[in-house]
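Here is a two-chain complex to go through in questions and answers. Start with the pairing of strands, then move to the contacts.

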Amino acid sequence: MLTLLNLEPGQTGLIRELHGGRGLVGRLAALGFTLGAPVTVVRNHNKGPIIVSLRGTQVALGRGEAEHVLVTLLTGATEAH
Amino acid sequence: MYTCPALKDTPAMRKSSGRDQWVIALAGQPNVGKSTVFNLLTGLNQHVGNWPGKTIEQKIGTFTRDGECYTLVDLPGTYSLTANSEEERITRDYILRERPDLVIAVVDAAVLERNLYLLTELLLLPAPVILALNMMDVAAQEGIQVEPKVLEAALGLPVVPMSASKNVGVRELVETVTRFIAGDLPYAPHTPTILPNHQAVLEEIHRLLGDHTPHPYPAEWVALKLLEGDEELHRIMQAQLPPQDWEAVHAQLYAHEDAILDIAGARYEWITRMVRAAVIRPRVGQVGLTSRLDRVLTHPAWGTLALLGILGVVFWLTYTVGAPLQEWLDTVLGDFAAWVGATLLSTAPAWLAALVSDGILGGAVMVMTFVPILVIFFAVLGFLEDTGYLARAAYITDRFMHLLGLHGKSFMPLLLGFGCNVPAIMGARIIETRRARLLTSLLAPFVPCAGRMVVVTLLAGLFFGRAATLVALGLVGLNLLLLAGFGIVLNRLLLPGEPAAFIMELPLYHLPNPRTIGLYVWRNVIAFIQKAGTIILVAAVVIWALSYFPADGDIAASYLGQVGQALEPVGRWMGLPWPVLIALLTSFVAKENTLAALGVLYADMLHELPLLLSPAAALAFIVAQMLFIPCVATVATLKQETGSWKWTLFSLAVMTALTLIIGVAIYQLGALVGLG
């Protein structure tokens with residue numbers, strides 16, 4: 001399985017697992033990071049936080065946090081963002 | 001017409017006394033325009049304070065309609081109601097304890113699904129909820145169509161479409177509130193149910209809790225929250241339950257640790273069903289305004305350039321509008337203070353005239369001169385926040401701030417500290433976690449403010465001639481290095497807890513609302529004058545007295561002067577004579593005072609000083625000036641915002657220690673290489 005950090009901008013993954021402490025998982029789940037939800041990576045540079053799009057919003061995630069979100073790649077097609 | 005009584009007592013007190021007003025709570029996730037709705041409903045009939053025992057802002061206001069008075073309580077913005085933060089705890093405890101007559105859930109129509117998550121949680125609490133479907137204009141701008149009537153039918157509760165920043169829908173909201181409270185509107189909300197595979201364990205926990213849940217928490221709700229991993233209720237119930245019962249509960253929770261994912265997943269599935277018919281999304285490929293702007297504004301290179309451009313404008317505003325206005329106020333009000341001393345008090349004893357004009361009025365003038373800078377700062381911060389840009393600035397700067405254990409959100413307050421440290425510390429309010437807020441406030445005094453830069457620029461020119469710019473830049477660099485070092489030490493060693501996870505929503509861009517920004521500026525400036533201003537005034541009078549008595553205004557012979565002379569040995573380590581130490585001490589009132597004091601102590605300062613101080617001593621002096629404890633306004637604000645004398649005194653102690661250590665080190669090193 002991949003983490004969100006492995007996705008290129010434009011790639012979409014389906015959330016499979018969330019790791020990390022209860023606080024982190026709870027916060028992510030409330031924001032819509034639930035199992036099966038599609039997440040599209042908008043920005044992912046080598047350094048600094050990444051930006052993802054899910055449920056109609058954009059969320060910036062620290063790299064440490066993004067690493068806790070495990071996904072399977074839905075499509076390699078590059079979406080407009 | 002009936003007007004609401006003064007807002008002295010809290011709704012809780014009114015309730016126990018039979019409550020003669022309807023109490024309505026305003027809930028919502030961050031960035032949904034909740035403040036704008038609150039301001040539109042209450043206007044200036046609002047009282048801003050803190051939640052009891054918390055450093056989180058509490059806003060209560062009133063509005064009247066048909067002779068009936070309504071109290072409106074603005075609850076902190078939260079994404080959910082699991083106690084991950086103070087905000088979440090305050091919101092749910094308020095609704096559970098005070099049982100408002102109605103909760104208005106404000107949601108952003110453009111981000112409806114995620115916003116309805118809070119609604120699914122609010123519906124579990126014992127208060128009726130109606131939905132204010134705000135930002136219909138932003139949704140339209142992003143190509144999203146929402147049908148309020150369809151949503152209303154699906155949810156089974158009243159839904160009011162609004163565009164609060166354009167003043168649209170407010171009358172309809174008030175109408176709906178009054179009709180709802182009068183019982184004229186149907187209310188049969190649908191609520192999501194928990195997934196079947198967790199139903200049994202939920203019931204088991206509920207059974208184990210028995211009647212041990214303390215007031216005001218409903219047992220079924222506590223059981224659900226425990227399953228969601230709520231740490232506060234975990235603590236509470238561990239203390240309440242007999243040990244063997246708690247162990248049984250704990251075993252269940254341990255076996256179902258991942259329940260939160262199912263519970264949240266089920267809520268989102270329910271939401272998807274609710275909004276399916278009510279929301280029409282844009283066709284694939286249609287790009288909204290936000291995405292188009294973000295192609296530039298969150299781009300690593302262009303975004304950084306855009307940020308620099310915006311910062312340039314901010315500093316330009318501060319220096320071309322703020323600074324001259326500050327000087328003008330200082331001159332005009334200062335002349336007035338002198339005139340009072342010279343004319344009105346001409347027959348009074350000299351010390352009394354000096355006390356009034358130099359001490360009291362001098363202090364008051366100083367408080368007032370901060371106002372222009374504060375207005376500019378808060379207008380800019382309010383504007384950037386209200387448009388949605390601030391989150392982008394935080395994203396761009398996060399990677400640098402990460403080194404200090406901070407997030408990008410701390411960048412803007414710290415950076416604007418170059419103008420003045422006071423708004424930098426007050427601006428830390430935009431940061432969510434208390435830990436990061438405290439860390440930012442403690443680091444702010446290391447940012448060299450305009451006042452310090454004026455003194456340092458002048459002194460550097462005096463002592464180092466052509467090398468002055470280099471010296472001044474080096475000193476700014478030194479301060480920033482120390483800021484980073486102090487940040488790392490505080491973060492790793494001294495502050496309890498881990499740095500918070502960086503999870504930040506990037507809100508959709510929208511036009512700012514001048515009224516929201518205006519009230520934001522107004523509230524912050526008034527808070528500064530009322531709270532910090534009082535401490536500043538007292539401190540200014542005390543320091544004036546120390547520099548005036550017992551020698552009737554001869555500063556060299558005053559108490560302050562005596563302190564300076566007593567510190568002479570310390571000064572000798574830095575190569576500084578005692579009058580220079582006194583000048584340094586007076587900078588506690590305002591940084592610019594150093595120059596004034598030097599002017600008093602040395603008749604021909606410009607020529608005398610360079611001859612008196614060796615290059616090493618001069619450098620030590622300027623460094624001390626940059627690092628010495630911040631001015632009294634900054635200290636007062638630090639106390640105000642951290643709510644802690646302990647951390648305030650800690651900050652003063654660190655700055656003083658650094659001043660001494662680095663001052664002495666520079667002089668001694670300089671002396672070693674022959675510059676002494």
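Q: In which sense do strand S1 and strand S5 of chain B pair?
A: In this predicted model, strand S1 (residues 22–28) of chain B and strand S5 (residues 102–108) of chain B share five bridges. Strands are DSSP runs (E, at least two residues), helices are H or I runs of at least four, and both are numbered from the N terminus. Two strands pair if DSSP finds at least two bridges between them. The sense of S1(B) with S5(B) is parallel.

Q: Which strands are the edges of the open sheet in chain B?
A: The sheet has seven strands, in the order S2-S3-S4-S1-S5-S6-S8 (chain B), with mixed pairing. An edge strand here pairs on one side only. The edges are S2 (46–50) and S8 (159–161) of chain B.

Q: Which helix of chain B packs on the sheet, touching S1 and S2?
A: The helix also touches S3 (57–65), S4 (68–74), S5 and S6 (129–134) of chain B. Contact means C-beta atoms, placed from the backbone, within 7 Å. The helix is H2 (residues 34–42) of chain B.

Q: Which element gives the largest share of the side of chain B that touches chain A?
A: The contact takes 30 residues from chain B and 31 residues from chain A. Elements of chain B giving two or more residues are H4 (112–122), H12 (259–275), H17 (389–401) and S10 (503–506). The largest share is five residues, from H12(B).

Q: Which residue in S10(B) stands opposite Gln58(A)?
A: Strand S5 (residues 57–61) of chain A runs antiparallel to S10(B), joined by four bridges. Gln58(A) faces Leu506(B).

Q: Which element of domain 1 of chain B gives the largest share of the side that touches domain 2?
A: Domain 1 (11–181) and domain 2 (196–280) of chain B have bounds from an automatic or database domain assignment. In this contact, 20 residues of domain 1 meet 20 residues of domain 2. The largest share, five residues, comes from H4(B).

Q: Where in chain B does pLDDT stay under 50?
A: pLDDT is the predictor's confidence in each residue, from 0 to 100. Chain B averages 85. The stretch under 50 is residues 6–17 of chain B.

Q: How are chains lettered?
A: Residues are numbered from 1 along each chain as its sequence is written. Chains are lettered, in the order in which they are written, from A.

Notes
Predicted model: local features only at pLDDT ≥ 70, side-chain atom pairs only at ≥ 80, totals over all residues. Contact = placed C-beta atoms within 7 Å. Axes fitted to C-alpha atoms, helices over the stretch in contact; angles between N-to-C directions.
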